[in-house]
Amino acid sequence: FVAIATFLLVVTVSCTPSSAPSSRTPPPNTSLAQLAPTPNSTPDIEREAIVSFTLQALEIETKRNDLIEYFAGLRDSVGIHGQALAIERFFSVGVPATLKNAPPSGIDGMTTLSNTFLLLDSPPSLQSIKDALIRVYQSEIQLASNQAQEVQFQPEIQDNWFAPIRKLVYPEITKDTLGQLRQMAEQTNSGPAQDHYQYKVETVWFGLQEFRQQSYTHWAGILQNHAINPQEVGVTIQNAPDTNYRAINRPNQESILEELYGPLAVYTTIVGTEDVDSRARTFLLDLGQKLHAIFRKQQQVGIFVQVGVEAEPNWKVYVQTHRSSTEKNDEAARILRSIIDMTPEQRDQAWLSFEPGAPGTIGELQDLIRIGMRATRGAIGADFIASRVPYMVQSWLSERPQTAAGTPVSFLDFLVSRLGLTT
């Protein structure tokens, strides 16, 4: 829980006045566990105010939980990179209906929910609860802002593959599953599954949900001291872990290897690099790195509906399917073609516009062109087209082309029209 202290302090300095705490838990001076509930001497009018605030706050919390549940569900459909991109891109601003499995009305983002929470009128006895939950919301927003960049391919074999990423959003971890995760970490046999649970218990996100759990516990105590049954108004907390923890939905070991040890560990295990000479080993590792870059793009495209690409979430399956150079080139051509066929709006949302100032680099586009156009243009032709991309960026910026209707032409559409970028 030490990791959460440092993280909350940074968020507090940037988001709140200079009186923010430096301790592990956000409230000033004391922890929630030390705050004594208000004695039961409040008039009926304040009791009604407590109930009113609680019901409104829990309505916001329900929407927040719907948002978290949506992102948790993405893991099985679009994989670790698609999920990470969606969290970084849409956690704060909200989920549009164009994303895979999103409701027709979309889902409110965390910033909207946090601001709504901030505007609630809180009775004095629940002000500490309001402040604590707003602090958690702000911390969660900050934590979600750097997801996609954290999941990268390790270019060289490391002596220790186990380098868990602590500062990510793990939507499957909630205030009600903390006890289960702790028990799994303590009682699961050694191996990837134990490492998986152990490092998640030590993440910043786990600490935030721990503080949310403390807030609910204190909230329930205040309600009880005002003769209000917490469960009747919806304030519930699951403190005890499920005793039959082995019956809980446990992740497939293969599905957690990339997250836990990095994609290189999975790749080298499948292709077998130990019994080859150094030159062949270098070739295979370079092939794996390029394939993983294509895999990430495939998952980015796959978070949208009706774009012609279904994301394969399992890196191990992807390696087994596209492990040769020819298969890798064909897959790159398919992904490049799908990106070209996307609308400019979809590219912007997926961070695949490759325009100056937007996420994603020109180098990534050049790599896709070099690999994906090799079958149709040959190695020399594909390399030449890729080399022209920076010049075309400058041409696009200077010309600022428009359609016949007067709308701006996106860079990728401009590139396709000028270079015949087809696969």
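**Cavities and helix packing**

The structure holds 3 cavities of 30 Å³ or more. Keep in mind that this is a predicted model.

Let me start with the cavities. How much space lies in the largest cavity? About 120 Å³. Its lining is made of 13 residues. Nearest the centre of the largest cavity lie Ile80, Gln83, Leu168, Val169 and Tyr170. Which helix gives the most to this lining? That is helix α2, residues 44–90, with 5 residues. By class, the lining of the largest cavity has 8 nonpolar residues, 2 polar ones and 3 charged ones.

Take helix α13, residues 325–341, and helix α15, residues 362–372. Their axes are 8 Å apart, and the packing angle is about 125°. Is the crossing of α13 and α15 left-handed or right-handed? Left-handed. Look at who meets whom. From α13 come Lys328, Asn329, Ala332, Ala333, Leu336 and Ile339. From α15 come Leu365, Leu368, Ile369, Ile371 and Gly372. Sorted by class, this contact of α13 with α15 has 8 nonpolar, 2 polar and 1 charged residues.

Stay with α15 and turn to its contact with helix α18, residues 411–419. Here the angle is about 40°, and the axes of α15 and α18 are 14 Å apart. The crossing of α15 and α18 is right-handed. On the α15 side we have Ile362, Leu365 and Ile369. They meet Phe411, Leu412 and Leu415 in α18. What classes make up the contact of α15 with α18? There are 6 nonpolar residues, no polar and no charged. Note two names in α15. Leu365 and Ile369 meet α13 residues, and Leu365 and Ile369 also meet α18 residues.

The last pair is elsewhere in the sequence. Helix α5 spans residues 178–187, and helix α7 spans residues 204–225. α5 and α7 pack at about 135°, with axes 11 Å apart. That angle makes α5 and α7 oblique to each other. Which residues of α5 take part? Leu178, Leu181 and Arg182. Their partners in α7 are Phe206, Gln209, Glu210 and Gln213. The contact of α5 with α7 divides into 3 nonpolar, 2 polar and 2 charged residues.

To recap, briefly. The largest cavity has about 120 Å³ of space, and helix α2 gives the most to its lining. Helix α15 packs with α13 and with α18. Helix α5 packs with α7.

Note on methods
Residues numbered from 1 in each chain as written. Predicted model: local features only at pLDDT ≥ 70, side-chain atom pairs only at ≥ 80, totals over all residues. Heavy atoms only, no water. 1 Å grid on protein atoms, 1.4 Å probe; cavity = no way out; pocket = protein on both sides within 12 Å on 5 of 7 lines; lining within 4 Å. Points joined across faces, edges and corners; volume = space filled by probe spheres on them. Helix = DSSP H or I, 4+ residues; strand = E, 2+ residues; numbered from the N terminus. Nonpolar A, V, L, I, M, F, W, Y, C, P; charged D, E, K, R; others polar. Axes fitted to C-alpha atoms, helices over the stretch in contact; angles between N-to-C directions. Left-handed = near helix turned anticlockwise from the far one by under 90°. Contact = heavy atoms within 4.5 Å. Parallel < 35°, antiparallel > 145°, perpendicular 65-115°, else oblique.
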